[in-house]
Each structure stands twice: as C-alpha cells, then as structure tokens.
Amino acid sequence: MPRENATSRSDPPEGFVLAGGRSRRMGRDKALLPFGGRNFLENASGILMPFCPKVSAVFNRDQRDLAEKLPPGVASVFDQLEDRGPLGGIHAALQNCVSKRAFVLACDLPFITKDVIEKLISCDENLSAAVVPVQPDGRFQPLCAIYRKDECLPHLEEILSKKEDASVRDFLKMLKIKTVRTEDLGATADLFANINSPADLKDLRP
C-alpha cells in the first residue's frame, strides 16, 4: 500500500458526499437507497470519515428534508447554484471547504472502499490541482477525487459563469491533474459502477 506523504498526514482533506442529484431515472432520492444494511449516504460518509476530519453531505435546495436524516457526525451544505449537476455539487463543496483540499465522493458509487480512499489521498501532492482516477478506457472518475480549493475554485466559478451547460470534463480540462490508474487502486471491474435506475438497484449486491 502506498505510504501517505507528509502533506496528506498533516493536512487531511475535508470530505464531501454528493447527494443532490435529481434521481430522475431512479424515481426517488438515491441517498436513502439501501446497501449492506445502510443507505448510500451512510455508506459513503462512513468510507470518508476515517480519513477526513469533517464530512458533509451536499444536497440540492429541494432536499431540506434529507438534511434531517443525516448520519451522526455528518454536516449538510446546499448547492448555491441550481440545476448545474455534479459541477454544482463540487462548487458547493469547495465553497464550504475550510481545509486546503476537498475529497468529493458521489453517494451512488457504493463499491468504493476505504482502501481506495486511502490510496488516492496517498497519491496527492502539492504540484497538482486535483487527483482523479482514470479507467483503462481513458474515462475519468471526477466524483471520487481530491480537489485543491485555491486552484480549483476560481476555474470552476469561471466556467460555471461562462458556460450554461458546462460539464465536469470541461472543468477538468482547466486543471493540472494527477491521474491515478484504477488498476493501481486495486480496483475491481465494478469499482466505479454507479446506480442510476431501479434495474441497477435490483442487481446490486453488497
């Protein structure tokens, strides 16, 4: 297992669980879907807690009721920009982050493990604006990634203000990124499988 560098140990990232998706295909909030005796929000929060001094869930403004169902020790923040998708969630995380770095994890990636979180943190360094896993087919996984607030937030606010349909990929193109191959994370084939529909949920196995 990679050793944590000095920066990782002395200045751990703050954790943010993205739970504010509209869940149109699922038909209900994915944050409360069951998984292994817990729900998705509890699962993602529990994975981040050993490595992050503070963990918050990021909701959209219509989810005030969910903020009352948080796991113990988890705070809540809300999107400041409506209907901007995952970018809006990352923006809310960075705006509310009091640490230098934010670990952003989508709640609908139930197969992410504590080992993966630890390895990504150990790969972080001051030379990069973000640490992002990349799959063998070249796809980035920006919703299980570390973002350095002072470098990322200005670029994020710029693209959100200029491009109404900006994507996370557009944002990543603006950053100096350290990529981590999924095979170096000890990844299984379904590590980044996300759950979007009732059919996905039916096939889900902890």
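Me: Is Asp170 buried or exposed?

Reply: This is a predicted model in which local features need pLDDT of at least 70, side-chain atom pairs count only at pLDDT 80 or more, and totals for chains, interfaces and linings use all residues. Residues are numbered from 1 along each chain as its sequence is written, and side-chain values use heavy atoms, with hydrogens and water left out. Buried means under 20% relative accessible area, exposed over 50%, and partly exposed in between, with a 1.4 Å probe and protein chains only. With a relative accessible area of 17%, Asp170 is buried.

Me: Where is Asp170 placed, and which residues does Asp170 touch beyond four places in sequence?

Reply: Helices (H or I, at least four residues) and strands (E, at least two) are DSSP runs, numbered from the N terminus. Asp170 lies in helix H6, residues 168-172. Contact means heavy atoms within 4.5 Å; leaving out residues up to four places away, Asp170 touches Ile159, Lys163 and Asp165.

Me: What is the phi of Asp83?

Reply: Most residues other than glycine have a negative phi. Asp83, although not a glycine, has a positive phi of about 55 degrees. Asp83 sits in the loop between S5 and H3 and is exposed, with a relative accessible area of 58%.

Me: At what angle do helices H3 and H5 pack?

Reply: Axes are lines fitted to C-alpha atoms, for helices over the stretch in contact, and angles run from 0 to 180 degrees between N-to-C directions. H3 (residues 85-96) and H5 (residues 149-162) pack at about 140 degrees, with their axes 10 Å apart. Angles under 35 degrees count as roughly parallel, over 145 as roughly antiparallel, 65 to 115 as roughly perpendicular and the rest as oblique; H3 and H5 are therefore oblique to each other.

Me: Which residues of H3 and H5 meet?

Reply: Leu87, Ile90, His91, Leu94 and Gln95 in H3 meet Lys149, Cys152, Leu153, Leu156, Glu157 and Leu160 in H5.

Me: How many residues has the largest nonpolar core?

Reply: A nonpolar core is a set of buried Ala, Val, Leu, Ile, Met, Phe, Trp, Tyr and Cys residues joined through side-chain atoms within 4.5 Å. The largest here has 37 residues, and those with the most contacts inside it include Leu48, Phe59 and Ile112. Among the elements that give two or more residues to this core are helix H2 (40-48) and strand S4 (55-59). H2 gives the most, with 5 residues.

Me: Which residues does Ile112 contact beyond its neighbours within four places in sequence?

Reply: Ile112 is in contact with Ile47, Leu105, Ile117, Cys144, Leu191 and Phe192, those neighbours being left aside.
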